[in-house]
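User: I've got a new model to go through. Can you walk me through a few residues?

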Amino acid sequence: YTDMGRFSMAAKHHQTVAEIYESELVDIAEALKHYEQAADYFKGEESNTSANKCMLKVAAFAAQLENYRRAIEIYENVARNAMESSLLKYSAKDYFFRAAICHLCIDSINATNALAKYEEMYPAFVDSRESKLIKALVAHVEDGDADAFTEAIKEYDSISRLDSWY
């Protein structure tokens, strides 16, 4: 399909292969490669929604494979793209939240700096429950208080369910 210039078809096939690796073969590294290839082809065809969908999968898998910097880069790019659209700008909060969690996996100073940057880029993030949770988690990590850390997550989860990725 790529030789014929039909990149959207090639992208769809890469996406299907990635889904097979993800669900049936459970090979996250291979799924990541195919989602990334699909995203590149979708971008080339200016199908940004499909490209972002694939890149979000890449970010989730990168985080699972402990490649946090790659996941952060993707979540930040997708959030920036989302902020440019009046329909998608509210989803930027979730992407910044995921990026901040990846920063926290690296260290608490990274998370604090990233949070300040995200709040500046997206002012609505300042008062969000997600921002408050990250601030609390950073404080508990710095204090070494595992019980308070767990309690903050339980409290957040009781109102807004966290999926298995978190």
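User: Leaving out residues up to four places away in sequence, what does A31 touch?
Analyst: This is a predicted model. In it, A31 touches A18, Y21, E22 and F61, with residues up to four places away in sequence not counted.

User: Which helix is A31 in?
Analyst: A31 sits in helix 2, residues 28-44.

User: Buried or exposed?
Analyst: A31 counts as buried because its relative accessibility is 0%.

User: What separates the C-alpha atoms of A31 and I72?
Analyst: The separation is 19 Å. Along the chain, A31 and I72 are 41 residues apart.

User: Switching to E119. Where is that?
Analyst: E119 is in helix 6, which covers residues 108-121.

User: Why does E119 count as buried?
Analyst: Its relative accessible area is 16%, and the cut-off for buried is under 20%.

User: Which side chains make polar contacts with the side chain of E119?
Analyst: S131 does, at 2.6 Å. K135 does too, at 3.1 Å. Beyond four places in sequence, E119 touches S131 and K135, along with F125 and V126.

User: Now the largest nonpolar core. How many residues, and which have the most contacts inside it?
Analyst: It has 49 residues, and Y75, C102 and Y118 have the most contacts inside it. Elements giving two or more residues to this core include helix 1 (7-23), helix 4 (68-83) and helix 8 (146-159).

User: What does Y75 touch, leaving out residues up to four places away in sequence?
Analyst: Y75 touches L56, A59, A60, Y95, R98, A99, C102 and W165.

Key
Residues numbered from 1 in each chain as written. Predicted model: local features only at pLDDT ≥ 70, side-chain atom pairs only at ≥ 80, totals over all residues. Heavy atoms only, no water. Helix = DSSP H or I, 4+ residues; strand = E, 2+ residues; numbered from the N terminus. Buried < 20%, exposed > 50% of the residue type's maximum accessible area, 1.4 Å probe, protein only. Contact = heavy atoms within 4.5 Å. Polar contact = N/O pair within 3.5 Å; in protein donor to acceptor, adjacent residues only side chain to side chain. Core = buried A, V, L, I, M, F, W, Y, C linked by side-chain atoms within 4.5 Å.
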